[in-house]
Amino acid sequence: MFDKGPLMPFFNNRSMDDWLKSFEQFVSKGLSQFEQYAEQMSFEVDTEETAEDYRVYANLKEYNPEDIQIEVLNQGLQIKAQREEIRSMKNKRTGHFQERKAMKRTERFVQLPFMFRNEDVKAQYTNGILTIAVNKNGGEVMNPTVPIQVMDQNSDKGSNRMNSNGSNGTADVPSDDG
């Protein structure tokens, strides 16, 4: 089939099946290497919901508790871990030492199905497992909006600040004159 023509150099008298097998092995090896790299860059997370709270379990055995940081962001938890790796090697021939430093950093974002505050989050680190418990607040959904305080003209003279309906605050406030 490809014994003549422009594709001849690519096949070199090999059958199409041999070529496809080698291509499949190439792709498969690349994907497995990518999966190994992705596993090194991240960490395993499991979640559990109880009647009182929502729990997140993170496998961070390679990190010490002081290397871990938890942030509350947009109805979720950002778990970050960072540590410095130092590798020392001795050159047997010259007797010189070589030291290499590298920062290893990983993070995961865990979305939760409800709103919560920083005060609702408790974390514990035991044997390399970070357990985060988020109190559900009795099932109440917290109001994610921030109330806006409207100032009258007398208490904030000369201000051009806008209130919640887009005006400058003077038209919405009734005057004391009646």
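Visitor: How much of the protein is buried, and what makes a residue count as buried?

Guide: Buried residues account for 19% of the 178 residues in the protein. The word has cut-offs: buried means under 20% relative accessible area, exposed means over 50%, and partly exposed lies in between, with a 1.4 Å probe and protein chains only. Please keep in mind that this is a predicted model, where local features need pLDDT of at least 70 and side-chain atom pairs count only at pLDDT 80 or more, while totals for chains, interfaces and linings use all residues. Residues are numbered from 1 along each chain as its sequence is written, and side-chain values use heavy atoms, leaving out hydrogens and water.

Visitor: What pattern do the helices and strands follow along the sequence?

Guide: The protein has two helices and seven strands, in the order α-α-β-β-β-β-β-β-β. Both kinds of element are DSSP runs numbered from the N terminus: helices are H or I with at least four residues, strands are E with at least two.

Visitor: Why is L112 called buried?

Guide: L112 has a relative accessible area of 2%, so it counts as buried. You will find L112 in the loop between β5 and β6. Its C-alpha is 5.2 Å from that of G76, although the two are 36 residues apart in sequence. Not counting residues up to four places away in sequence, L112 touches Y54, V56, Q75, G76, L77 and V134; contact here means heavy atoms within 4.5 Å.

Visitor: What makes a group of residues a nonpolar core, and which members touch the most others?

Guide: A nonpolar core is a set of buried Ala, Val, Leu, Ile, Met, Phe, Trp, Tyr and Cys residues joined through side-chain atoms within 4.5 Å. The largest one here has 18 residues, and L60, L77, I79, L112, I132 and V134 touch the most other members. Two or more residues come from each of β2 (53-59), β4 (76-90) and β7 (129-135). As for I79, its contacts beyond four places in sequence include F43, V56, A58, L60, L130 and I132.

Visitor: Why is the pair of Y54 and F114 called edge-to-face?

Guide: Rings of Phe, Tyr and Trp (its six-membered ring) pair if their centres lie within 6.5 Å; planes under 30 degrees apart count as stacked, over 60 as edge-to-face and the rest as tilted. The structure holds two aromatic pairs. The centres of the Y54 and F114 rings are 6.2 Å apart and their planes stand at 75°, so this pair is edge-to-face. It links distant parts of the chain, with Y54 in strand β2 and F114 in the loop between β5 and β6 (121-126), 60 residues apart. F114 also forms an edge-to-face pair with F116, at 6.0 Å centre to centre and 65° between the planes. Y54, F114 and F116 form one aromatic cluster.

Visitor: How do you know whether F114 and F116 are buried or exposed?

Guide: F114 has 11% relative accessibility and so counts as buried. F116, with a relative accessible area of 9%, is buried too.

Visitor: What makes E107 partly exposed?

Guide: Its relative accessibility is 36%, so E107 counts as partly exposed. E107 belongs to strand β5 (residues 97-111). The side chain of E107 makes polar contacts with those of Q78, at 2.7 Å, and R105, at 3.0 Å. A polar contact is a pair of N or O atoms within 3.5 Å; within protein, one must be able to donate a hydrogen and the other to accept it, and residues adjacent in sequence count only if both atoms are side-chain atoms.

Visitor: How do you know that a charge sits over the ring of Y63?

Guide: The charged end of R83 sits over that ring, 5.4 Å from its centre. The term asks for NZ of Lys or CZ of Arg within 6 Å of the ring centre and within 35 degrees of the ring normal.

Visitor: Why is N127 called exposed?

Guide: N127 has a relative accessible area of 70%, so it is exposed. N127 lies in the loop between β6 and β7, and its phi is near 50°, a positive value in a residue other than glycine. Most residues other than glycine have a negative phi.
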